[in-house]
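Trainee: I am new to this structure. Please take one part and walk me through it closely.

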Amino acid sequence: MPLISVLMPAKDAGETILPAVRSVLRAMPKDSELLVWDDGSTDSTKSAVGSVADPRVRYHHSASSVGSGVARSTLIDASDSEYVACMDADDICLPWRFHPANLPTDEVPIQFAPMVRFGRSPKDLRFTRPQVLSPSEVSMALLMHNPLAQPTMIARRTALTEIGGYSAARLGQDYELWLRAAASGVRME
């Protein structure tokens with residue numbers, strides 16, 4: 001059983017997925033897995049993932065697009081790890097992301113990390129707020145907007161499955177999941 005399953009839905013991500021996959025593999029422990037869902041891509045996504053010779057990468061493919069919510073829920077069902085993390089196919093994972101000190105606890109089973117947003121030039125760097133929201137502050141903030149970045153989430157698998165996983169919505173399925181978690185009393189920070 002892997003410690004962490006990192007979920008990476010990809011749709012026509014041939015130009016970005018290779019750096020994303022490599023950064024996750026460098027950051028995650030040896031007893032983890034990266035589950036890539038190719039969501040009906042028509043570009044080089046499959047060959048890019050196939051060029052990575054690492055047994056921790058598991059490739060899944062859908063002939064037609066099902067959306068990232070269905071993809072993430074299907075990947076959660078396809079794994080049996082203690083923890084689940086998310087990454088997007090156009091993101092870069094920082095090397096310390098999966099350090100044991102960053103893993104969720106029984107008390108706070110869904111956690112998010114800060115992130116750096118970047119664009120096409122060095123001037124496009126934007127850092128997220130350095131403050132960490134407490135679980136009660138997260139619930140209050142969710143009433144106004146989504147302060148939680150999907151590609152920084154690490155959760156106990158049981159917390160996600162107990163609230164029903166991701167919805168089939170094409171947009172906002174992460175925000176909807178966080179709202180359901182907060183309404184169910186699941187603590188997030």
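Mentor: Here is a close look at one strand and its neighbours, and then at a group of rings. This is a predicted model, in which local features need pLDDT of at least 70, side-chain atom pairs count only at pLDDT 80 or more, and totals for chains, interfaces and linings use all residues. Residues are numbered from 1 along each chain as its sequence is written, and side-chain values use heavy atoms, with hydrogens and water left out.

Start with strand β2, residues 33-39. Helices (H or I, at least four residues) and strands (E, at least two) are DSSP runs, numbered from the N terminus. Of the 7 residues in β2, 7 are buried. Buried means under 20% relative accessible area, exposed over 50%, and partly exposed in between (1.4 Å probe, protein chains only). In a regular strand the side chains alternate between the two faces of the sheet. In β2 both faces are covered. One side carries E33, L35, W37 and D39. The other carries L34, V36 and D38.

Now the neighbours. Two strands pair if DSSP finds at least two bridges between them. Strand β1 (residues 4-10) runs parallel to β2, with 6 bridges. Here V6 stands opposite L34. Strand β3 (residues 57-62) is also parallel to β2, again over 6 bridges. D39 has S62 of β3 as its bridge partner. From β2 the chain passes through helix α2 (residues 45-50) to β3, in a right-handed β-α-β crossover. Right-handed means that, with the strands pointing away from the viewer, the path from the first strand over the helix to the second runs clockwise. β1, helix α1 (residues 17-27) and β2 also make a right-handed β-α-β unit.

Next, the rings. Rings of Phe, Tyr and Trp (its six-membered ring) pair if their centres lie within 6.5 Å; planes under 30 degrees apart count as stacked, over 60 as edge-to-face and the rest as tilted. The count is 2 aromatic pairs. F112 and W178 pair edge-to-face, 4.9 Å centre to centre, with 80° between the planes. F112 lies in the loop between β5 (110-111) and β6 (116-117) and W178 in helix α6 (residues 173-183), so this pair ties together parts 66 residues apart in sequence. F112 is buried, at 15% relative accessible area. W178 is buried too, at 0%. Y166 and W178 also pair edge-to-face, at 6.5 Å and 70°. Y166 lies in the loop between α5 (157-162) and α6, so that pair ties together parts 12 residues apart in sequence. F112, Y166 and W178 form one aromatic cluster.
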